[in-house]
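Subject: Structure handover

Hello,

Here is the structure I said I would pass on. My notes on it follow below.

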Amino acid sequence: MKRILLTLAVAGVLSSCGNNDTSKQAADQTETAHNATEHEEHGDHDGHGDHVASSVSGNTSVNGPVRKSDQASAILDGYLAMKDALASDNSAKAAASGEMMVKAFASFDRASLDPKQQASYDDTVDDAREHAEHIGTNSGKIDHQREHFDVLSKDMTDLIAVVGSDRTLYQDYCPMYNNKKGANWLSTSKEIKNPYMGSKMSTCGSMKTEIVPQ
Amino acid sequence: MRWLKIAAVATVVVLVGIQWIPTPLNRGDTRADKDFIALYAPPARTGTLLKTACYDCHSNHTDYPWYSRFQPVAMFLGNHIEEGKKDLNLSEFGDYSPRRQRSKLKAMSSQIEDGAMPLTSYRLIHWNANLSKADEKAVLGWLKSEIK
């Protein structure tokens, strides 16, 4: 389906959280490794992050390249604005970005996709739209917005696999979020600005995958 | 004194008057092939807890308390039920796509975990919707085992 160019940064994971605290790094390393095995055991089939985790042990899944396409550019704009807002603890701005995304979904040119793509698009967007809407109506409840952003980020990764992307994206990973269950997000810069932990632990996390549209 | 009397009479008139505002009962389709409990078959105790703590506002069938047919309580409840069903309808769970079902399960678990659900106003009236720590753990444990 899509080939993600991976620069799987195991080293990046190691150096992710608390750059100046070696004992903590070691702990995070075990945590991440643990997460990877856990995901494998469960045989998760929706999170692309999990495929990446699997590739650590040599099970690289074969994915087609993400198409170069600007169809989803308004959706991505909204998502990335939301990511930045959450990273800077700005709940109202995250809500506004949610509304932006809802509008972008509404004006998306669905007819340009083939029937098979439409089916995956519908499946993903039904869910994504609901999360975006919900984040939009929950200004002031940033923790709750982040819970939905977690699932929305998975949806977005699946969405660009279908509709393509107009820019290079990085899939980043925060091992600490959700009681150390971990969560992914998408970003356009290599620099880590964690949307789950906010300014409290802004640089916590690591880049897992580089998604270069072709 | 005279104004106080007028105010009291006006209040009574309004309270009596609003009793004629109709609020439809929440009695929609409850089909076993779409119902959350029927589809996911949780352990009996968890199923009962979900019924008592969630189904009144998140399904097509509400067990109304006696006072709920009086206004303005009926309007207040009707509004809650409408909002609740919009976010999650356990009677129509089977209509959600697999992806959305997973999302809903996740949201259910985090809402309970955060103490956001059941609503405080609901728990004040429905004491049996106050999940004990052990109950909460059982429900959460099961929900999480379903989130694959």
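From the N terminus on, chain A runs α-α-α-α-α-α-α-β-α-β-β, where helices (H or I, at least four residues) and strands (E, at least two) are DSSP runs numbered from the N terminus. That comes to 8 helices and 3 strands. This is a predicted model, in which local features need pLDDT of at least 70 and side-chain atom pairs count only at pLDDT 80 or more, while totals for chains, interfaces and linings use all residues. Residues are numbered from 1 along each chain as its sequence is written, chains are lettered from A and ligands numbered from 1 in the order in which they are written, and side-chain values use heavy atoms, with hydrogens and water left out.

Chain A

Chain A has 214 residues, and 50% of them are buried (buried means under 20% relative accessible area, exposed over 50%, partly exposed in between, with a 1.4 Å probe and protein chains only). Of the contacts in chain A with a separation of 6 or more, 70% are between residues 24 or more positions apart; contact means heavy atoms within 4.5 Å.

The largest nonpolar core has 38 residues. Such a core is a set of buried Ala, Val, Leu, Ile, Met, Phe, Trp, Tyr and Cys residues joined through side-chain atoms within 4.5 Å. The residues with the most contacts inside this core are A:Ile75, A:Tyr79, A:Met101, A:Phe105 and A:Met156. In chain A, α4 (73-87), α5 (91-106), α6 (115-136), α7 (142-163), β1 (169-174) and β2 (183-187) each supply at least two residues of the core. Its largest share comes from α7(A), with 8 residues. Leaving out residues up to four places away in sequence, A:Ile75 touches A:Met101, A:Ala104, A:Phe105, A:Phe108, A:Met156 and A:Leu159. There is also a second, separate core of 22 residues, which includes B:Leu88, B:Tyr122, B:Ala129 and B:Leu143.

One salt bridge within chain A joins the side chains of A:Asp89 and A:Arg146 (2.8 Å, N to O). A salt bridge here is a side-chain nitrogen of Lys or Arg within 4 Å of a carboxyl oxygen of Asp or Glu. This pair links distant parts of the chain, 57 residues apart: A:Asp89 is in the loop between α4 and α5 of chain A, and A:Arg146 is in helix α7 of chain A. A:Asp89 counts as partly exposed because its relative accessibility is 35%, whereas A:Arg146, at 5%, counts as buried.

Where chain B meets chain A

The contact takes 20 residues from chain A and 16 residues from chain B. About 1300 Å² is buried between the two chains, and carbon and sulfur atoms give 35% of that area; buried area is the accessible area (1.4 Å probe) that two parts lose on being put together, summed over both. B:Arg99, B:Arg100 and B:Lys106 supply 43% of the area that chain B buries against chain A, more than any other three residues.

Between chain B and chain A, 11 residue pairs are in polar contact, both residues being at pLDDT 80 or more. A polar contact is a pair of N or O atoms within 3.5 Å; within protein, one must be able to donate a hydrogen and the other to accept it, and residues adjacent in sequence count only if both atoms are side-chain atoms. On the side of chain B that touches chain A, α5 (73-87) and α6 (98-113) of chain B each supply at least two residues. The most comes from α6(B), with 10 residues. By class, this side has 11 charged, 4 polar and 1 nonpolar residues (Ala, Val, Leu, Ile, Met, Phe, Trp, Tyr, Cys and Pro count as nonpolar, Asp, Glu, Lys and Arg as charged, and the others, Gly among them, as polar).

B:Arg100 is buried because its relative accessible area is 19%, and A:Glu130 counts as buried at 18%.

B:Arg99 forms a salt bridge with A:Asp155, the closest N and O atoms being 2.7 Å apart. Here A:Asp155 lies in helix α7 of chain A and B:Arg99 in helix α6 of chain B, and both residues are buried. B:Arg99 also meets A:Asp158 in a salt bridge (3.0 Å, N to O). A network of salt bridges links A:Asp123, A:Asp155, A:Asp158 and B:Arg99.

Regards
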